[in-house]
Amino acid sequence: MKNHDSTKPNSDGGQANDRKKEFGRTEHKIVLKASDLDPKFKYKISKIPGAERIMLCFQCGTCTADCPIAKFSETYRPRKLMRMTQLGMKDRVLSSDVIWLCAACFTCIDHCPQGVEIANVLRALRNLAAKEGLMPVVFKELVSNIRNTGYAYRIPELRLKRRAEKELPPLPKANLEDISKLFNLTHLSKTLEKEERQDA
Amino acid sequence: MKYLLFLGCVIPYRISSYEISARKVLEKLSIELVEMPEFNCCGLPLDPVNHELMLTLATRNLCLAEQKGLDIMTLCPGCAGTLRKVNKALREDKKLKELVNGFMQEIDLEFRGGIVKVKHLVQVLAEDVGFKRMREAIQNPLTGLKVAEHNGCHVLRPAKYVGFDDPENPVILKKLIELTGALCLDYMYETECCGAPIIGVNDKIPLHLTGEKLRNVKAVGAQALITVCPFCHMMFDLNQPRIERVLSEKFGVPVLHYTQLLGLAMGFSPDELGLEQLRVKASKILNLN
């Protein structure tokens, strides 16, 4: 998860590179082994709220065609990610940098003729990746900020002073005890400990 | 009219000009704002890593609003989208409500549902204040000014959950802009996202996306771009010099919060509306009248 430059081809988390070494071929020539696939993956995904309709995707490509991110990325193709998910290419999908490029503008959800909530399928995939300790570093910062301050960004002292000068009311305080409980209850704390262990 | 103001994280972090101008114009429209008793992020930034945590963070805020008995108003479409979606989902899905209330019990809260509504500023202005009262508050019409709008995805999408305006051909923000006397121009790819949410993962894509939009805004002759989202504003205004460097192209398009435009038309001075905080200075358009 070091390189998040999606404009480079084959930036799918390094797995393609490993395979390239293994087979001595470029990514698009790789023949997938059935034993590498997880045939139950699509069922698992379809049980996650928002991702229920994944199996209805018939690969029309409307999501990719209308996606503002895909327009400026060489690698982000929501249609392809839906197909890979249906085919059970679990490891490839979850370790891919590309799943983190959805901006959640929800255009794909509004345009899908099959009612597949593509952005929500991607969220489900990201959640599973995060559980395995795979997430871009920016999310670790957001998590730590919210856990420690209640706010997603660390608001500098200077800003708080300026608020007073501009006669804005003081910012509401966070209840850090409650927030910490919610982090523990939803097991995000565990995910993070796993992350920290991996980093160490 | 009275609302619980949910300020969010981006506004106090970088975009206080939105808050300053919003408080001014809302006061003038006789809207009373009550501050949140306690605050935590709506949960949206963590939805990608843990959906359940997003649900509980959002619900905690909804519970506080229920205790106050006040509808929530947000300035940030991300917060509005998240809180609105969770408010609706928990009301409609008993199992989900049970699950989340199990978590809430641990912090001595309970989501009841059906008590409060969540609205974004644009919705409050269009639906609750109404165009008639808005028009009456205009003292200094911005006749001759030509602008364009960028809606902010979560004000409108996903349409089936939001049910406000038409995301394919949004008109409400345009109408709100035109009642200030300014003309709101159409431009190519107007409804497209600015890409801001992924800037921490990949900065090239959002910079190019926003650059394309700025180019199209300029091409139709708009003198400024009007936003209603702090995150979009950060992309279009704070990052504009960077976009210009990356694309080797000069835009110089001032980007105003809708509340700044409205405030000018209400007769507030640029300083009262925090216009000095804009990275791309709006001095050119301010000399119009």
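**Entry 1: chain A against chain B**

I count a contact wherever heavy atoms lie within 4.5 Å, and with that rule I find 59 residues of chain A in contact with 60 residues of chain B. I note that this is a predicted model, in which local features need pLDDT of at least 70 and side-chain atom pairs count only at pLDDT 80 or more, while totals for chains, interfaces and linings use all residues. Residues are numbered from 1 along each chain as its sequence is written, chains are lettered from A and ligands numbered from 1 in the order in which they are written, and side-chain values use heavy atoms, with hydrogens and water left out.

I then looked up the buried area, that is, the accessible area (1.4 Å probe) that two parts lose on being put together, summed over both. Between chain A and chain B it is about 5300 Å², and carbon and sulfur atoms give 66% of it. On the side of chain A, Phe72(A), Tyr153(A) and Leu182(A) lose the most area to chain B, together 12% of what that side buries.

For salt bridges I used a side-chain nitrogen of Lys or Arg within 4 Å of a carboxyl oxygen of Asp or Glu, and the count between the two chains is 8. One of the salt bridges joins Glu276(B) to Lys166(A), with the closest N and O atoms 3.0 Å apart. For polar contacts I took a pair of N or O atoms within 3.5 Å, where within protein one must be able to donate a hydrogen and the other to accept it, and residues adjacent in sequence count only if both atoms are side-chain atoms. By that rule 21 residue pairs, both at pLDDT 80 or more, are in polar contact between chain A and chain B.

Helices here (H or I, at least four residues) and strands (E, at least two) are DSSP runs, numbered from the N terminus. Several helices of chain A each supply at least two residues of the side that touches chain B, among them helix 8 (118–131) and helix 9 (137–149), and helix 11 gives the most, with 6 residues. I sorted that side by class, taking Ala, Val, Leu, Ile, Met, Phe, Trp, Tyr, Cys and Pro as nonpolar, Asp, Glu, Lys and Arg as charged, and the others, Gly among them, as polar; the result is 34 nonpolar, 12 polar and 13 charged residues.

I find Asn175(A) in the loop between helix 10 (157–165) and helix 11 (176–185) of chain A. Its side chain reaches the backbone nitrogen of Asp178(A) at 3.0 Å, and, leaving out residues up to four places away in sequence, Asn175(A) touches Glu38(B), Phe39(B) and Arg60(B).

Lys40(A) sits in the loop between helix 1 (15–23) and helix 2 (41–46) of chain A. I call a residue buried under 20% relative accessible area, exposed over 50%, and partly exposed in between (1.4 Å probe, protein chains only), so Lys40(A), with 63%, is exposed. Lys40(A) and Gly88(A) are 48 residues apart in sequence, yet their C-alpha atoms are 6.9 Å apart.

For chain A as a whole I list 12 helices and 0 strands, and 50% of its 200 residues count as buried.

**Entry 2: inside chain B**

Chain B is divided into domain 1 (2–121) and domain 2 (131–286), with bounds that come from an automatic or database domain assignment. The domain centres, taken over C-alpha atoms, are 24 Å apart, and 25 residues of domain 1 are in contact with 28 residues of domain 2. The area buried between the domains is about 2300 Å², of which carbon and sulfur atoms give 70%; Lys28(B), Leu29(B) and Pro77(B) supply 24% of the area that domain 1 buries against domain 2, more than any other three residues.

Across this domain interface I find 0 salt bridges but 9 residue pairs in polar contact, both at pLDDT 80 or more. Helix 2 (16–28) is one of the helices that each supply at least two residues of the domain 1 side, and it gives the most, with 9 residues.

I also checked Leu156(B), in helix 8 (residues 153–156) of chain B: it is buried, with a relative accessible area of 5%. Its contacts, not counting residues up to four places away in sequence, include Val162(B), Phe164(B) and Pro170(B). In helix 12 (residues 230–238) of chain B, 8 of the 9 residues are buried, including Cys232(B), His233(B) and Phe236(B).
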